[in-house]
Amino acid sequence: MSTEQTYQGKERRRHRMYLTRNTEYHFRDGVCVAVRDRKTGTWLPSHLALERRLTGGVRLLKNGTAIPVLEAPNVGEALYFAEEEGRELITSKLCGVARPEKRLVSQYPC
């Protein structure tokens, strides 16, 4: 068993990356710090998700019903950002959740 599978203490990693078909959403401590287009690798400096805290996810059922969840979203769910001095934002469905490489974290535009 790897250390990752056996460690049961508090999660200490600060960065997480959520992947949709076209976009990467990069988070530090639950706040979106960078958004990047997956096809071009270009950072998107004016994306609505930037500097917003992730509220939870949206589970999309086969019948089209969307159910909000307050936990971190999983593959097949969408990211949900609640209304904060702007508008709420729901992304397309996630196709992956990962920890970004250090090299990528060092390239964040902010």
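Confidence in this predicted model is lowest in helix 1 (residues 3–6), with a mean of 56, and highest in strand 2 (residues 23–28), at 98. The score here is pLDDT, the predictor's confidence in each residue, from 0 to 100. Across the chain it averages 89, and 88% of the residues score at least 70. Helices (H or I, at least four residues) and strands (E, at least two) are DSSP runs, numbered from the N terminus.

**How to read the values**
- Residues are numbered from 1 along each chain as its sequence is written, and side-chain values use heavy atoms, with hydrogens and water left out.
- Because the model is predicted, local features need pLDDT of at least 70 and side-chain atom pairs count only at pLDDT 80 or more, while totals for chains, interfaces and linings use all residues.

**The largest pocket**
- By type, the lining has seven nonpolar residues (Ala, Val, Leu, Ile, Met, Phe, Trp, Tyr, Cys and Pro), eight charged (Asp, Glu, Lys and Arg) and four polar (the others, Gly among them).

**Aromatic rings**
- The whole structure has three aromatic pairs; rings of Phe, Tyr and Trp (its six-membered ring) pair if their centres lie within 6.5 Å, and planes under 30 degrees apart count as stacked, over 60 as edge-to-face and the rest as tilted.
- Tyr18 and Phe27 make an edge-to-face pair, 5.4 Å centre to centre with 90° between the planes.
- Tyr18 counts as buried (under 20% relative accessible area, with exposed over 50% and partly exposed in between, using a 1.4 Å probe and protein chains only) because its relative accessibility is 3%; Phe27 is buried too, at 2%.
- Trp43 and Tyr108 have ring centres 5.7 Å apart and planes at 85°, so this pair is edge-to-face.
- That pair links distant parts of the chain, 65 residues apart: Trp43 is in the loop between strand 3 (31–37) and strand 4 (56–60), and Tyr108 is in the segment after helix 2 (102–105).
- Both Trp43 and Tyr108 are buried.
- Ring pairs also join Tyr18, Phe27 and Phe81 into a cluster.

**A charge over a ring**
- Arg36 lies over the face of Trp43, 5.2 Å from the ring centre; this label needs NZ of Lys or CZ of Arg within 6 Å of the ring centre and within 35 degrees of the ring normal.
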